[in-house]
Amino acid sequence: MADITIIENSPVGRHLDSIGETKPASYLMFNHKKVELVTKITIGRDSDNDVVVDNKLASRHHAVIQKIKDQYFIKDDGSTNGTFVNDIRIPKEKYIKLKPGDKITVGNTNLVIS
């Protein structure tokens with residue numbers, strides 16, 4: 001069986017595709033602050049992450065946002081409690097395409113792509 005990195009026909013993938021084309025994302029809103037989207041952003045409870053989530057429901061290394069060409073994708077990094085995009089749990093170790101306005105939930109903390 002082939003390893004599919006990006007699941008476009010999953011419920012999350014279909015929902016994200018239904019939103020339509022918008023301006024490219026350029027930052028992540030987190031705790032009323034803008035975090036500029038760069039090539040790779042790590043999210044988690046450990047202090048070595050780019051975005052540190054101070055929340056016991058977040059794993060030490062919870063998720064990764066990766067830029068591929070001109071698009072951003074998120075991958076759950078094997079977290080205990082899962083990563084959610086627009087309230088839908090994403091599969092572990094699979095990249096899901098992000099669009100502006102998407103709400104990422106890590107533990108009980110929300111981050112918004114803008």
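A nonpolar core is a set of buried Ala, Val, Leu, Ile, Met, Phe, Trp, Tyr and Cys residues joined through side-chain atoms within 4.5 Å. In this predicted model, the largest such core contains 20 residues. Leu-28, Val-51, Ile-65, Ile-74 and Ile-104 have the most contacts inside it. Seen by strand, at least two core residues each come from β1 (27–30), β3 (40–44), β5 (63–68), β6 (71–76), β9 (95–98), β10 (103–106) and β11 (109–113).

Leaving aside residues up to four places away in sequence, Ile-104 touches Leu-28, Ile-65, Ile-74, Thr-83, Phe-84, Leu-98, Thr-109, Asn-110, Leu-111 and Ile-113.

Charged pairs come next. Across the whole structure, three salt bridges are found. Two of these involve Lys-75, whose partners are Asp-77, with the closest N and O atoms 3.7 Å apart, and Glu-93, at 3.5 Å from N to O. Lys-75 counts as buried because its relative accessibility, 13%, is under 20%. Asp-77, at 30%, and Glu-93, at 45%, are both partly exposed.

The remaining salt bridge joins Asp-87 and Lys-103, at 2.9 Å from N to O. Asp-87 lies in the loop between β7 (83–85) and β8 and Lys-103 in strand β10, so this pair ties together parts that are 16 residues apart in sequence. Asp-87 is exposed, with a relative accessible area of 55%, whereas Lys-103 is partly exposed at 25%.

Note on methods. Residues are numbered from 1 along each chain as its sequence is written. This is a predicted model: local features need pLDDT of at least 70, side-chain atom pairs count only at pLDDT 80 or more; totals for chains, interfaces and linings use all residues. Side-chain values use heavy atoms; hydrogens and water are left out. Buried means under 20% relative accessible area, exposed over 50%, partly exposed in between (1.4 Å probe, protein chains only). Helices (H or I, at least four residues) and strands (E, at least two) are DSSP runs, numbered from the N terminus. Contact means heavy atoms within 4.5 Å. A salt bridge is a side-chain nitrogen of Lys or Arg within 4 Å of a carboxyl oxygen of Asp or Glu.
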